[in-house]
Amino acid sequence: MRVPFLNLIAQQAEIADEVLPTWQAQFISAAFVGGAEVAAFEREYAAYIGTRHCVGVANGTDAVELALRAVGVRPGDEVIIPVNTFIATAEAATRLGAIPVFVDVDDEFLLIDPAAVDAAITARTRAIVPVHLYGQTAPMDALIPMANRHGLVIVEDAAQSQGASSTLGRAGSLGRVAATSFYPGKNLGAAGDAGAVLTDDPAVAEFVRNFGAHGSSVKYVHDRAGVNSRLDAVQAAVLRAKLRRLDGWNAARRAAAGRYAEMLADVPEVRLPAIRPGNEDVWHLYVVQVDERDRVLAELGAAGIGAAIHYPTPLHLTAAYAGLGYRPGQFPVAEAAAGRILSLPMFPHLTQAEQSLVADSLTSSVTSRTRVGSGSGLVDRALS
Ligand SMILES: *Cc1c(COP(=O)(O)O)cnc(C)c1O
């Protein structure tokens with residue numbers, strides 16, 4: 001038996017009967033971009049997250065960029081971003097000419113560290129982009145008062161947290177504006193690229209809609225030089241069908257996370273992920289920490305298990321951002337975690353049998369070094 005990192009086939013099968021007739025009708029009527037299906041999804045997703053507005057865009061990276069632009073981030077402004085995130089969060093700032101200012105994450109949850117944010121604020125800081133990473137909400141309870149104190153805007157990156165909540169409410173409804181991605185592998189995924197911007201502020205929503213349609217709200221009347229970033233009707237049809245199942249799928253992820261925790265409870269070599277008090281986690285990723293991670297990852301791969309690393313290189317150490325002048329050692333928590341984190345298979349249709357295989361393989365991999373070494377001095381299996 002092989003266990004894939006992510007299995008989307010079962011998701012597609014669940015929605016096929018619902019989506020395929022809609023796709024056929026869209027194909028025949030040539031209703032591709034915008035229109036009633038997109039408007040319906042935008043209404044339904046705004047209601048689900050608890051914001052007044054949702055504007056569909058072409059992908060999650062665009063969503064972050066358009067959200068930053070909509071709240072007035074300008075070239076040369078500083079935008080505070082955690083180093084442990086997918087690069088898209090920073091690219092969005094870079095693309096509009098803003099300067100990503102990287103900060104470390106906390107050791108317990110690997111989420112943006114409010115103390116680090118506080119220390120990074122300068123006169124040029126304009127926005128903070130907390131990332132609701134791995135499926136749980138960033139510490140908004142600390143960040144919101146801090147942003148208010150300094151007159152900063154919070155732009156949530158909610159790409160990994162569809163349906164997650166904190167004591168303050170749903171991820172995506174907690175900042176001035178939020179961006180999300182419906183890349184197929186996200187908890188709510190399209191059949192291709194898609195994304196959205198969420199906000200209560202009608203001016204922010206209107207800006208995103210206008211900017212993403214070539215700076216135009218009336219055909220061929222261009223208020224500004226914008227971009228082309230729209231949600232396709234075919235994607236809206238898929239997203240509507242999956243949104244109806246999202247709570248059920250997130251519950252299945254939670255059940256799977258509970259099973260992993262049980263199966264690995266007696267394996268001290270595996271550090272299990274922790275949930276911030278008050279958070280409801282939607283387990284976009286199930287990230288454990290182990291010693292000798294690369295050996296463990298290779299052994300899981302050899303056993304037919306699709307594990308992964310999110311993310312292998314903190315953003316300040318990527319070649320993409322070498323020009324900003326950061327050095328190794330500047331963000332010790334993220335740098336240490338990058339060598340230890342390991343994402344196990346996690347998706348709604350993951351079975352108990354699949355998880356048993358993952359847990360057994362992981363357990364034998366992390367305990368093999370101690371076993372080999374016991375009684376005969378330390379023998380490092382990785383070197384033998
Ligand atoms: C996926 C993701 C994005 C970007 O989404 P795309 O749709 O791939 O452009 C942004 N931020 C985070 C944290 C993500 O995981």
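Which strands does helix α3 (residues 60-70) lie across? The helix lies across β1, β2 (78-82), β4 (125-128), β5, β8 and β9 (195-199), and runs at about 170 degrees to β8. Helices (H or I, at least four residues) and strands (E, at least two) are DSSP runs, numbered from the N terminus. Angles run from 0 to 180 degrees between N-to-C directions, with axes fitted to C-alpha atoms, for helices over the stretch in contact.

The model is predicted: local features need pLDDT of at least 70, side-chain atom pairs count only at pLDDT 80 or more, and totals for chains, interfaces and linings use all residues. Residues are numbered from 1 along each chain as its sequence is written, and side-chain values use heavy atoms, with hydrogens and water left out.

Now the sheet. It is open, has 7 strands in the order β1-β9-β8-β5-β4-β2-β3, and its pairing is mixed. Two strands pair if DSSP finds at least two bridges between them. β1 (53-57) and β3 (99-103) are the edge strands, each pairing on one side only. On average, neighbouring strands are turned by 25 degrees against each other, direction ignored.

Look at β5 (residues 153-157) and β8 (residues 177-181). They run parallel, joined by 3 bridges. D157 has A179 in β8 as its bridge partner. Helix α7 (residues 202-211) also packs on the sheet. It touches β1, β8 and β9, and its direction makes about 15 degrees with that of β1.

The loop between β8 and β9 holds K186. UniProt lists K186 under "active site" in an unreviewed entry; such annotations may be inferred rather than shown by experiment. K186 counts as buried because its relative accessibility is 12%, and buried means under 20% relative accessible area (1.4 Å probe, protein chains only). Leaving aside neighbours within four places in sequence, K186 is in contact (heavy atoms within 4.5 Å) with A159, Q162, S181, R253 and H284.

Note on methods: Buried means under 20% relative accessible area, exposed over 50%, partly exposed in between (1.4 Å probe, protein chains only).
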